[in-house]
Amino acid sequence: MSRIGEKFDLLKASNEGALVCFVTAGDPDIEATRRIVLELDAAGADVVEIGIPFSDPVADGPSIQAASMRSLAKGTNIPAVLELVRSIRVDSQIPIVLMTYYNPVHHYGLTRFAADIAAAGADGVIVTDIIPEEASEWKSAAEKAGIDTIFLLAPTSTDDRIDGVAKISSGFIYCVSRTGVTGARTEMASGVRGLVERIRVRTDAPVVVGFGISTPAHVREVCEYADGAVVGSLLVDKIAGTTGTNDMLAEVHRLGSSLKMGTVK
């Protein structure tokens, strides 16, 4: 069992939801990302998603797009992210999920990518724009390397699509709370509870909810019916707003700690 599976088992035993935190690798730089991940771990985050910056994202909203552009401008690439993961593993065993798009994975080589990220210490991957019907080659490479493959489901997902994702996902299933792109919101989307319930009757895999989660109250609401909540844009904005100050890590810690409080059921 991967670190991801072990973490969700521990949380389930303690009747607690998972706080999954997203950061963009290389924003503001690779060393700062390492320190941010360690700070989130210390603050109580259960899983960290590390975004590999890509020039043509389809699911990322303005905050994460801007972070990716800043990171790419500094030369962040897959080898740099591998070194980042290796450096995190020196000090932390927090489950690490890499989030990316198919283009950079294909360019790097599917088998090579899966093997290299596993050797670096990553636990799972979300290839945002790959669909179950076209994922067999990637799924095979990931399985051979011992990497969890996490797929997305959305409010528009049919029962057949849910069945397909349930069959091939491992680690957890990422439930997108709304159509469109990522971004902080003031209110949770209606209907996401129903989507989670539709997924649950088809799989025992953990289900986490992301897109638009911006407050501890949102996290608490989501953890009433799902296994965890993903916070991305809010955290990315906090990092961007405090970059270059002595308060960045302290602000990240405070935000992580406040969000984690919402996971206790």
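**Entry 1: the whole chain**

I noted at the start that this is a predicted model. I looked up the secondary structure of the protein chain and found twelve helices and nine strands. Next I looked up the radius of gyration, which is 17 Å. The globule rule gives 18 Å for 265 residues, so the chain is as compact as a globular protein of that length. Along the principal axes, the C-alpha atoms fill a box of roughly 45 × 40 × 35 Å.

How many of the 265 residues count as buried? I wrote down 57%. I also checked contacts between residues at least 6 apart in sequence. Of these, 72% join residues at least 24 apart.

**Entry 2: helices α6 and α7**

Two packed helices are described by the angle between their axes and the distance between the axes. I looked up both for α6, residues 110-120, and α7, residues 136-145. The angle is about 30 degrees, and the axes are 8 Å apart. An angle under 35 degrees counts as roughly parallel. The two helices α6 and α7 are therefore roughly parallel to each other. The crossing of α6 past α7 is right-handed.

Which residues make the contact? From α6 I listed Leu110, Thr111, Phe113, Ala114, Ala115 and Ala118. From α7 I listed Glu137, Trp138, Ala141, Ala142 and Ala145. Sorted by class, the contact of α6 with α7 holds nine nonpolar residues, one polar and one charged.

I picked Ala114, which lies in α6. Is Ala114 buried or exposed? Its relative accessible area is 0%, so Ala114 is buried. I left aside neighbours within four places in sequence and looked up what Ala114 touches. The list is Trp138, Ala141, Ala142, Ala145 and Ile147. I also looked up the distance from Ala114 to Asp148, 34 residues apart along the chain. Their C-alpha atoms are separated by 9.9 Å.

**Entry 3: helices α2 and α12**

The axes of α2 and α12 come within 8 Å. They cross at roughly 35 degrees, and the crossing is right-handed. On the α2 side the contact is made by Ala32, Arg35, Ile36, Glu39, Leu40, Ala42 and Ala43. On the α12 side it is made by Met248, Leu249, Val252, His253, Gly256, Ser257 and Lys260. I sorted the residues of this α2 and α12 contact by class and got eight nonpolar, three polar and three charged.

**Entry 4: helix α11**

Just after α11 comes Gly244, with a positive phi of about 90 degrees.

**Entry 5: Ser68**

Where is Ser68? Ser68 sits in helix α3, residues 62-73. Its relative accessibility is 4%, so Ser68 counts as buried. I did not count residues up to four places away in sequence. That left Thr24, Pro53 and Phe54 as residues that Ser68 touches.

**Entry 6: backbone angles in the loops**

I looked up Pro28, which lies in the loop between β1 and α2. The peptide bond from Asp27 to Pro28 is cis, with omega near 10 degrees.

Next I looked up Asn15, in the loop between α1 (3-13) and β1. Asn15 is not a glycine, yet it has a positive phi of about 55 degrees. At 46% relative accessibility, Asn15 counts as partly exposed.

What is the phi of Phe211? It is near 80 degrees, a positive value in a residue other than glycine. The relative accessible area of Phe211 is 7%, so Phe211 is buried.

Definitions and conventions:
Residues are numbered from 1 along each chain as its sequence is written. This is a predicted model: local features need pLDDT of at least 70, side-chain atom pairs count only at pLDDT 80 or more; totals for chains, interfaces and linings use all residues. Side-chain values use heavy atoms; hydrogens and water are left out. Axes are lines fitted to C-alpha atoms, for helices over the stretch in contact, and angles run from 0 to 180 degrees between N-to-C directions. Helices (H or I, at least four residues) and strands (E, at least two) are DSSP runs, numbered from the N terminus. Angles under 35 degrees count as roughly parallel, over 145 as roughly antiparallel, 65 to 115 as roughly perpendicular and the rest as oblique. A crossing is left-handed if the near helix is turned anticlockwise from the far one by less than a right angle, and right-handed if clockwise. Contact means heavy atoms within 4.5 Å. Ala, Val, Leu, Ile, Met, Phe, Trp, Tyr, Cys and Pro count as nonpolar, Asp, Glu, Lys and Arg as charged, and the others, Gly among them, as polar. The radius of gyration is taken over C-alpha atoms; the globule rule is 2.2 Å times the number of residues to the power 0.38. Buried means under 20% relative accessible area, exposed over 50%, partly exposed in between (1.4 Å probe, protein chains only).
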